Amino acid sequence: MWHLLPYAHLAAHASPGCGSTPPVEAGSWNRFPIEVEDASQEGGYATRHYLLDVPAVYKRDTPAMLILDYHGFYDHAKSERNEDQLRAFVDQQGINAVTVYPVGSGDQWSGDSFAWNVEGNGINTDNGPLGPTCLAPRRQYDGWNDRYTCFDSCSYGPKGCDATWGCNFASCMDDRIFTKRLIKHLTHKLCIDLSHIHVTGISAGALMVYQVALDFSDLVASAAPVAGSRIYGYNYSP
């Protein structure tokens with residue numbers, strides 16, 4: 001029979017940020033920018049953003065869990081924070097868990113929303129390991145446009161976007177590098193338990209959760225996608 005120990009009884013692996021003053025006080029939150037390498041952008045860098053929520057019980061010398069929560073399509077990090085109430089639950093239960101809401105990628109003038117560039121994002125019509133990314137074409141008919149706008153960062157590429165067969169719901173900015181850079185940044189700014197880094201997200205954010213689980217299994221302890229699955233052609237298990 002399995003016996004699950006409370007979190008406090010598990011051995012913690014303290015991050016380099018232990019002992020440092022946190023960017024915000026315990027029990028508060030704020031929005032922050034971060035510079036990341038990104039080949040899709042002029043100059044090779046992009047300014048990305050995230051919301052940082054530090055729990056009321058946080059102490060600078062006690063390693064906390066870190067939870068990254070990815071918002072869905074047609075949504076934003078601030079909305080995700082209000083909708084999922086993860087921060088409220090953390091404080092009600094007295095859990096030492098830092099919650100972070102990354103802001104998805106996009107362009108200034110094009111695209112429908114901030115989203116996540118995962119495998120299968122339709123910058124072209126190449127098939128995935130399990131087949132095509134889309135099983136039906138996107139159409140424009142009777143005043144209804146079922147085609148996503150092509151993001152600037154995708155149209156600059158050599159293959160461009162395919163509005164009919166491509167699943168181009170996200171920009172071509174590098175969200176995987178963003179995630180890896182963000183985790184490193186946070187573990188140097190805050191006292192984080194490196195053995196308890198977790199990711200969750202809803203809808204398009206769930207696709208990003210799958211991607212993080214596939215790419216960074218050495219960094220994350222668990223992944224909990226909500227109401228989302230991988231794109232056709234790439235829907236293999238982490």
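**View 1. Helix 2 and its buried residues.** In this predicted model, helix 2 covers residues 86-93, and its buried residues are Leu-86, Arg-87 and Val-90. Why do they sit on the same side of helix 2? They cover an arc of only 100 degrees around the axis, so they end up on one side together. Here's the general idea: an α-helix has 3.6 residues a turn, so residues three or four places apart point the same way. What do the buried residues of helix 2 pack against? Their neighbours are strand 1, strand 2, strand 3, strand 4 and helix 1. Just past the end of helix 2 comes Gly-94, with a positive phi of about 65 degrees.

View 2. Six strands make up an open sheet with mixed pairing, in the order 1-2-4-3-7-8. Strand 1 (29-37) and strand 8 (222-226) are the edge strands: each has a single partner strand, so one side of each has no neighbour in the sheet. On average, neighbouring strands here are turned by 25 degrees against each other, direction ignored.

**View 3. How the strands pair up.** Start with strand 1 and strand 2, which run antiparallel and are joined by nine bridges. Look for Asn-30, whose bridge partner in strand 2 is Leu-52. Strand 2 also pairs with strand 4, again in the antiparallel sense, over four bridges. There, Asp-53 stands opposite Thr-99 of strand 4. Gly-201 faces Pro-225 of strand 8.

**View 4. Two helices lying across the strands.** Helix 1 (residues 77-84) lies across strands 1, 2, 3, 4 and 7, and runs at about 135 degrees to strand 4. Helix 4 (residues 175-189) lies across strands 1, 2, 3, 4 and 7 too, running at about 120 degrees to strand 1.

**View 5. The nonpolar cores.** The largest nonpolar core has 39 residues, and those with the most contacts inside it are Leu-52, Leu-68, Val-98, Val-100 and Leu-186. Which element gives the largest share of this core? That's helix 5 (204-215), with five residues. Zoom in on Leu-186: leaving aside residues up to four places away in sequence, this side chain's residue touches Tyr-50, Leu-52, Leu-66, Leu-68, Val-100 and Ile-192. There is also a second, separate core of nine residues, including Leu-51, Val-90, Tyr-101 and Val-103.

Terms used:
Residues numbered from 1 in each chain as written. Predicted model: local features only at pLDDT ≥ 70, side-chain atom pairs only at ≥ 80, totals over all residues. Heavy atoms only, no water. Pairing = 2+ DSSP bridges. Axes fitted to C-alpha atoms, helices over the stretch in contact; angles between N-to-C directions. Contact = heavy atoms within 4.5 Å. Buried < 20%, exposed > 50% of the residue type's maximum accessible area, 1.4 Å probe, protein only. Arc of directions from axis to C-beta. Core = buried A, V, L, I, M, F, W, Y, C linked by side-chain atoms within 4.5 Å.
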